[in-house]
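Have the coordinates open as you read.

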Amino acid sequence: MSSPELLLQVLRTQMRAAGVTYKMLAERIAMSESSVKRMFGQQDMSLSRLAQICKAAGVAMEDVLRGAADATPQADALTLTQEKSLLANPHLLLMAICCLGHWTIEQVLETYSLSEPECILLLAELDRLGVIELKPMNRYRLRVSNAFRWLPDGPVQRFFREHAVADYFGGSFDGVGETLLCLPARLSQPSAKELVARIQQLAAELARLHQNDRRLAPQDRDGFTLLVGFRSWEFAAFTALRRGVSSGIVPRALP
């Protein structure tokens with residue numbers, strides 16, 4: 001679906017939600033109903049005309065533009081080359097994570113010891129890598145979907161596993177909206193697959209809430225990280241206590 005087609009589809013959806021028909025719109029902008037239908041059908045609409053229609057329909061133009069951007073097909077993950085490029089520059093990885101959190105350049109400057117020229121260069125590099133689409137006034141649009149995740153056992157995931165996991169679990173997890181669970185269970189393979197599907201649904205719900213809360217003021221949001229792992233595993237110290245295990249080596253069966 002092309003960008004104009006997607007934009008007008010979102011506009012039509014917003015108009016239906018507002019209860020505005022083509023006939024009602026035609027009356028409000030002093031056009032015939034057939035002309036309005038032809039304009040939508042030909043997907044030929046200037047920016048000023050789009051603004052006029054949004055105003056007449058009582059629809060926020062920014063909601064239409066955001067809806068079209070959110071509906072644009074995007075990647076759920078970066079490539080191996082992209083992740084390696086991020087790790088080659090710690091500042092670039094920091095800026096990428098800030099962008100994934102929808103930070104503005106002003107928020108980055110207020111929080112981290114980076115200059116404005118440095119931030120602009122980092123944004124430009126992320127644009128070159130295809131992580132974001134840099135726009136005027138140092139604004140940007142993500143080129144990854146709301147379901148974005150790092151490559152399984154990829155460069156970034158390995159980096160965080162080596163350098164950030166201990167720091168993450170060093171917290172007490174007793175703050176507002178925090179929790180830590182470690183729940184052992186013996187499951188069949190079908191049950192394990194079912195639980196993985198539920199975890200993926202949880203990730204999608206996190207993405208939805210993250211998207212919705214973008215409309216809130218920065219001071220009304222805080223940075224949260226969901227770290228979920230699920231695997232067939234036994235603590236090595238317990239494995240060493242299994243019958244038939246000596247010095248961590250399981251004896252081979254006799255012929």
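## Tyr112 and its ring partner

In this predicted model, Tyr112 is partly exposed, at 32% relative accessibility. Tyr112 pairs with Trp103, and the two rings are stacked, with 5.9 Å from centre to centre and 20° between the planes. Trp103 is partly exposed as well, with a relative accessible area of 27%. The label follows from the angle: planes under 30 degrees apart count as stacked, and this pair has 20°.

## The other aromatic pairs

The total comes to nine aromatic pairs. Take Tyr22 and Phe40: their ring centres are 5.2 Å apart and the planes sit at 55°, so this one is tilted. Tyr22 belongs to helix H2 (residues 22-28) and Phe40 to helix H3 (residues 33-42), so the pair ties together parts that are 18 residues apart in sequence.

## The biggest core

Which residues have the most contacts inside the largest nonpolar core? They are Leu86, Met95, Cys99, Leu126 and Ile132, in a core of 25 residues. H7, helix H8 (105-111), H9 and strand S2 (139-142) each put in at least two residues. H7 gives the largest share, with seven.

Leu126 makes a handy entry point if you want to click around. Skipping its neighbours within four places in sequence, Leu126 is in contact with Leu86, Leu92, Met95, Ala96, Cys99, Val131 and Ile132. Apart from this core lies another one, of 21 residues, with Val10, Val20, Cys54 and Val59 among them.

## One side of H6

Helix H6 (residues 80-87) has Gln82, Glu83 and Leu86 buried. Those three cover an arc of only 95° around the axis, which puts them on the same side of H6. The cover over the buried residues of H6 includes helix H7 (90-100), helix H9 (116-129) and helix H10 (155-163).

Leu86 turns up again here: it is buried in H6 and is also one of the residues with the most contacts inside the largest core.

## Leu78, buried in a loop

Is Leu78 buried or exposed? With a relative accessible area of 7%, Leu78 is buried, and it is found in the loop between helix H5 (61-71) and H6. Leaving out residues up to four places away in sequence, Leu78 touches Glu83, Leu86, Val131, Val144, Phe148, Trp150 and Leu151. Two of these, Glu83 and Leu86, are among the buried residues of H6.

For a sense of scale, pick Leu78 and Phe235: they are 157 residues apart in sequence, and their C-alpha atoms are 32 Å apart in space.

## Two positive phi values

Most residues other than glycine have a negative phi, and a couple of spots here go the other way. Ala30 has a positive phi of about 55° although it is not a glycine. Ala30 sits in the loop between H2 and H3 and counts as exposed at 73% relative accessibility.

Met137 is another, with phi near 60°. Met137 is in the loop between strand S1 (132-135) and S2, and is exposed with a relative accessible area of 70%.

## The chain as a whole

Zooming out, the chain has 13 helices and two strands. Its radius of gyration is 25 Å, whereas a compact globule of 255 residues would come in near 18 Å. The C-alpha trace spans about 90 × 50 × 40 Å along its principal axes.

How much of the chain counts as buried? Of the 255 residues, 24% do. The chain exposes about 17900 Å², and carbon and sulfur atoms supply 56% of that area. As for contacts with a separation of 6 or more, 59% are between residues 24 or more positions apart.

Notes. Residues numbered from 1 in each chain as written. Predicted model: local features only at pLDDT ≥ 70, side-chain atom pairs only at ≥ 80, totals over all residues. Heavy atoms only, no water. Phe/Tyr/Trp six-rings, centres within 6.5 Å; stacked < 30°, edge-to-face > 60°. Helix = DSSP H or I, 4+ residues; strand = E, 2+ residues; numbered from the N terminus. Buried < 20%, exposed > 50% of the residue type's maximum accessible area, 1.4 Å probe, protein only. Arc of directions from axis to C-beta. Contact = heavy atoms within 4.5 Å. Core = buried A, V, L, I, M, F, W, Y, C linked by side-chain atoms within 4.5 Å. Rg over C-alpha atoms; globule rule 2.2 N^0.38 Å. Areas by Shrake-Rupley, 256 points an atom, 1.4 Å probe, with all protein chains shown as cover.
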